Amino acid sequence: MNTILPNIKTGKKQHPMTQKRIAQLIDQLADTHMIPVDDLRYLLDHICVEDTSYLFDTAHKVKQPYYQNRVFLRGLIEISNYCSKGCHYCGINRTNKNVQRYRLDKETILECCRRGYDLGYKTFVLQAGEDPALTDEFLCEVIKSIKTTYPDSRISLSLGERSFASYIALYQAGADRYLLRHETASKRLYEHLHPNDSSFENRRQCLDNLKVIGYQTGSGCMVGSPSQTNDDIVQDLLYLHQLQPHMVGVGPYLCHEDTLLRGNQSGTLLETYIILALVRLILPQAMLPATTALGTLDKLGRENALFVGANVMMPNIGPKEYLEAYQIYQNKQLAKDTDESNRDNTKKRIEAFGHIADFSVGDVHTWEG
Ligand code: SF4
């Protein structure tokens, strides 16, 4: 059971004086992108449902000078669901025997890219568990082939913790971006959610390494995980401010019954939107995906996230027969339509919500402008 955002949980009515103070803190965050730790803590401890419209509107406004209402579309390919890790919350962790494991070969990955490129996608996101069979040699070959065939594309990798040498090899082969959520910046919570073979320090080191190498680096965290507190979230916000990642994935914790954390309550849509909006205030120029996990909590969860600061969507362009097998959380929203109708529906929904679907490479807006 988490104890975050207590007034949101209980539906407590906001006091007018507190509402004024919360609005001031939101303005201050929008102006300076960070506020003192005690104020962050105050905001999380006191925010009520009545304050959320102002928070969301401010977050939406903050991204306008950089991205307006553009939503960048990336083609997601889940290349392997093997994983050597045992993260307690994840449905494809190594101990789950109920998962049908798969790994795509090079030709299949390239075929997904070909179809994706023909549909207009210019970024391919290659995602997998920490699969030892995904060697540097194999990945470099895949990356080089994609870049040779589509030199105007971008490649984002989401393959977990790897060595410094491996990150360099993949970067030199042509990978542009790397997504590695920090999951939580609280050592206590990190150790509660991960087995002994996962190191809080190494995860952070990996993120530092990715930035040093030159990747557009993505981090991110889970909202509503078991035993999470407002102090833990304060640490996430401080860490993101310090790291200055180019992308941040913020998603709800969603309980999976085949994990050690079975039976726990999942995070909620509103809790996640609040943290997403705060991240937007702290990192106005970051790429913030409207994650599939939000679409799992509510069928318009991703579209509504566009109004709280999100500006990226990642439709799945991988083989349909493996969609079910990549269930890091349960009841994942699966794109079972053809890639073409999935693209068209995504575009239509974005437009119906007053936004523009942008198929360009969508590099992060640089600090230099
Ligand atoms: S969260 Fe990532 S590293 Fe952990 S078990 Fe799942 S796929 Fe593996």
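UniProt positions are given in the numbering used here, with shortened feature names, and its annotations may be inferred rather than shown by experiment. This is a predicted model, in which local features need pLDDT of at least 70, side-chain atom pairs count only at pLDDT 80 or more, and totals for chains, interfaces and linings use all residues. Residues are numbered from 1 along each chain as its sequence is written, and side-chain values use heavy atoms, with hydrogens and water left out.

- An unreviewed UniProt entry places the feature "binding site" at Glu183, Arg203 and Leu254.
- Glutamate 183 lies in the loop between β5 (177-179) and α8 (187-193); helices (H or I, at least four residues) and strands (E, at least two) are DSSP runs, numbered from the N terminus.
- Glutamate 183 counts as buried because its relative accessibility is 12% (buried is under 20% relative accessible area, exposed over 50%, partly exposed in between, with a 1.4 Å probe and protein chains only).
- Apart from neighbours within four places in sequence, glutamate 183 is in contact (heavy atoms within 4.5 Å) with Tyr89, His194, Arg203, Gly220, Cys221 and Met222.
- Leucine 254 sits in the loop between β7 (247-252) and α11 (269-282) and, at 7% relative accessibility, is buried.
- Not counting residues up to four places away in sequence, leucine 254 touches Tyr89, Ser266, Ala293, Thr296, Leu297 and Tyr329.

**Binding site at the cysteines**

- For "binding site", UniProt (unreviewed entry) also lists Cys83, Cys87 and Cys90.
- Cysteine 87 is in the loop between β2 (75-80) and α5 (106-118), and cysteine 90 is found in the loop between β2 and α5.
- Cysteine 87 is buried, with a relative accessible area of 15%, and cysteine 90 is buried at 13% relative accessibility.
- Leaving aside neighbours within four places in sequence, cysteine 87 is in contact with Asn93, Leu193, His194 and Pro195.

**Packing of α6 and α7**

- The axes of helix α6 (residues 136-149) and helix α7 (residues 164-173) come within 8 Å and cross at roughly 20°; axes are lines fitted to C-alpha atoms over the stretch in contact, and angles run from 0 to 180 degrees between N-to-C directions.
- α6 and α7 are therefore roughly parallel to each other (angles under 35 degrees; over 145 is roughly antiparallel, 65 to 115 roughly perpendicular and the rest oblique).
- Asp136, Leu139, Cys140, Ile143 and Lys144 of α6 make the contact with Ser166, Ala169, Leu170 and Ala173 of α7.
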